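Try each task before reading its solution.

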Amino acid sequence: MTRPEPALSVVVPMFNEESVLPLLVERLRGVLDGLGEAYEVVAVDDGSTDGTAARLTTVRGDWPELRVLRLRRNSGHQAALVAGVLRARGRYVLSIDADLQDPPEVIVEMLRRARTDELDVVYGVRVDRSRDTAFKRWTAAGYYRLMRRLVGQQVPAHAGDFRLLSRAVVEALRELPERSPVLRLVVPWLGFRSGEVTYERQQRAAGRTKYPLSRMAALAAESVTSFSAAPLRVATWLGLAGVAVCGVLVVVAVLAWFAGATVTGWPSLYMAILFLGAVQLLCLGLLGEYVARIYTIVQGRPAYVVASDSAAGSPARGIPDGDVVELADSLR
C-alpha cells in the first residue's frame, strides 16, 4: 500500500544531534500533526558519530511520517540539505535546522502565506539576533551585505536555510548543472515569486553548535567563489594599483639618483618589494580558489553518498539504497 504524496516535506539536516533530537521531535511533530494533512519529515543524518542514527530509528518506529536518509560520511551541512531537498516528495518542501533556533511553530504561517499569496518561496527572516554574540552579528551582517552586493538585492537579509519551497522551485533546482549549490543564494537567483515571515531567533535547545568560525568562513568563501567572479576582478585592480605604486617609486628612484641620494632610498625599495610580493600572493590565492573549483568539477566526485533511505521503496522520486548521488547528475 503506497502513501499519498505529502502536502509538505520538512527536511532536517543533522550531524551529532542526539541530545536535541527528543525536543525536536516533540515540537516538530506537534506542529505538523496539527496541520491536518499528509506530511513527511526527511531527517538527513550527515554521517553522525554519536547515537543520532539509533535514535532516529527508534523514533521512526512510533512516527511513520519520519523518513531517515543516511549519508555514508559527513559531507557538510549544505550537501546534506541539498540531498534532502532533492529527495523530498511534498508539494511544498521546507528546510529547518535541528537545533530549534528556528522555531517549528513558524511553519504554519509560512505554509499559509505560500498558499494565500501564491508564493513559490517563503523565507524565514530573523528580526532579533540579540542572543547571538556581537562577533557573530557583525560577521553575519557583513556576509549578507556582501552577498546582496554580489548576487543582487533579491537575496533577503538575515535569511538562512529556514525556507519553504514549492514543487516548481525544487524541480528548477534539479535542472541546474551546479555540483554543490549554495541554496541561500541559488534560490533567490532563480527569480520565483517570494515572501518573508519574520521570527525571533532562539538559543540552541541542546548540544553544541556544528557551525564554528572555520565553517562559517568556508561557507562565505564557497558563496563568493561559486556565485561571482568579483574576486578575480579584485586581483586585477590590485595588480593595477601595484603597477601605479611601482611607477611612482621609479620616478622617486630616478630623482634620488640625480640628487645623489640613491643609498638612502632603501626604505622605498623595501616597501615596494613587500607590497608587490603581497599583491602577487593574494592574486595567486584568488586564482587558486577558482582553479580548485574547476579541479573539483573535473574530478566528478559526488558531493554526498547515500547509505540508505527508509522511503527508497516508494514510487515518488526515491533512489535505491546505497546509490551514489552526484548533484551534477541528480540536478539534470
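A nonpolar core is a set of buried Ala, Val, Leu, Ile, Met, Phe, Trp, Tyr and Cys residues joined through side-chain atoms within 4.5 Å. Keep in mind that the model is a predicted one.

**Exercise 1. The largest core**

Find which residues touch the most other members of the largest nonpolar core, and which elements supply it.

Solution. 
- Step 1: The largest nonpolar core has 35 residues, and those touching the most other members are Leu8, Val10, Val12, Leu28, Val41, Leu94 and Leu164.
- Step 2: At least two residues of this core come from each of β1, α1, β2, β3 (66–71), β4, α4, β6 (159–166) and β7 (194–200).
- Step 3: The most is given by α1, with 6 residues.
- Step 4: Now look for what lies apart from this core: another one, of 29 residues, with Val44, Ala79, Ala83 and Leu86 among them.
- Step 5: Go back to Val41 and set aside its neighbours within four places in sequence; its contacts are then Val10, Val12, Leu28, Leu32, Trp63, Glu65, Leu66 and Arg67.

For background, nonpolar side chains in soluble globular proteins tend to be buried together.

**Exercise 2. A glutamate in a strand**

Decide whether Glu40 is buried or exposed, and list what it contacts.

Solution. 
- Step 1: Glu40 sits in strand β2 (residues 39–45).
- Step 2: The cut-off for buried is under 20% relative accessible area. Glu40 is buried because its relative accessibility is 2%.
- Step 3: Beyond its neighbours within four places in sequence, Glu40 contacts Pro6, Leu8, Ser9, Val10, Glu65, Arg67, Ala88, Arg89 and Gly90.

**Exercise 3. Positive phi**

Locate Asn16 and Leu100, and give the phi of each.

Solution. 
- Step 1: Most residues other than glycine have a negative phi.
- Step 2: Asn16, in the loop between β1 (8–14) and α1 (21–33), has a positive phi near 55°.
- Step 3: Leu100, in the loop between β4 (92–95) and α4 (106–116), has a positive phi near 65°.
- Step 4: Leu100 counts as buried, because its relative accessibility is 2%.

Note on methods: Residues are numbered from 1 along each chain as its sequence is written. This is a predicted model: local features need pLDDT of at least 70, side-chain atom pairs count only at pLDDT 80 or more; totals for chains, interfaces and linings use all residues. Side-chain values use heavy atoms; hydrogens and water are left out. Helices (H or I, at least four residues) and strands (E, at least two) are DSSP runs, numbered from the N terminus. Buried means under 20% relative accessible area, exposed over 50%, partly exposed in between (1.4 Å probe, protein chains only). Contact means heavy atoms within 4.5 Å.
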